[in-house]
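Hello,

Here is the structure for you to look over. My notes follow below it.

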Amino acid sequence: MAYIVAEPCVACKYTDCVAVCPVDCFYEGENMLVISPDECIDCGACEPECPVTAIYEEDELPEKWTEYVELNERLAGEWPNITEQKEALPTADEFKEVESKRDKLSMNGA
Ligand code: SF4
Ligand code: F3S
């Protein structure tokens, strides 16, 4: 079981989560991060750091975001590792309260 980055991250990418991960298991896409389930040690440090509550323990992931379990696993194998916090996306303010933004998710790596 691992922690999962879900839809609220899309088009925001605040990256506060990256700063606290002890094993550097975040991977960066153009407009979202994912967690490698093979590397996450389930420490839970990242979950409270996300300003938009995008990170969930897999057991607690809201059902509407089940797809993100597979997306985190797959995209972590395709996107580059990110180990340092950076500026949030310019679209973060505009999208931080948008409930449904799956159609905005870019599959491209950073
Ligand atoms: Fe990293 Fe811990 Fe979050 Fe897993 S739960 S991604 S190890 S900070
Ligand atoms: Fe995304 Fe939240 Fe991290 S918006 S980049 S999961 S701090």
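The charged end of Lys64 lies over the ring of Trp65, 4.6 Å from the ring centre. The criterion: NZ of Lys or CZ of Arg within 6 Å of the ring centre and within 35 degrees of the ring normal. Trp65 itself is buried, at 9% relative accessible area. Buried means under 20%, exposed over 50%, partly exposed in between (1.4 Å probe, protein chains only).

This is a predicted model: local features need pLDDT of at least 70, side-chain atom pairs count only at pLDDT 80 or more, and totals for chains, interfaces and linings use all residues. Residues are numbered from 1 along each chain as its sequence is written, chains are lettered from A and ligands numbered from 1 in the order in which they are written, and side-chain values use heavy atoms, with hydrogens and water left out.

Trp65 also pairs with Tyr56. The pair is tilted, with 5.9 Å between centres and 50° between planes. Pairing needs centres within 6.5 Å, taking the six-membered ring of Trp; planes under 30 degrees apart are stacked, over 60 edge-to-face, the rest tilted. The structure holds one such aromatic pair. Tyr56 is buried too, at 17%.

Next, the core. The largest nonpolar core has 38 residues. Such a core is a set of buried Ala, Val, Leu, Ile, Met, Phe, Trp, Tyr and Cys residues joined through side-chain atoms within 4.5 Å. Val5, Phe26, Met32, Ile35, Ile55 and Tyr68 have the most contacts inside it. Helix 2 gives the most, with four residues. Helices (H or I, at least four residues) and strands (E, at least two) are DSSP runs, numbered from the N terminus. Beyond four places in sequence, Tyr68 touches residues including Val5, Met32, Arg102 and Leu105. Contact means heavy atoms within 4.5 Å.

Now the ligands. Near means a heavy atom within 4 Å. The shell around ligand 1 includes Cys21, Cys25, Phe26, Ile35, Cys40, Cys43 and Cys46. It splits into 11 nonpolar, one polar and no charged. Ala, Val, Leu, Ile, Met, Phe, Trp, Tyr, Cys and Pro count as nonpolar, Asp, Glu, Lys and Arg as charged, the others, Gly among them, as polar. Ligand 2 has 13 residues around it; Cys9, Thr15, Cys17, Leu33 and Cys50 come nearest. That shell has 10 nonpolar, one polar and two charged.

Thr15 has a positive phi, near 65°. It lies in the loop between strand 1 and helix 1, and is buried at 2%. Ala11 lies in the loop between strand 1 and helix 1. Its phi is near 70°, and Ala11 is buried at 5%.

Best wishes
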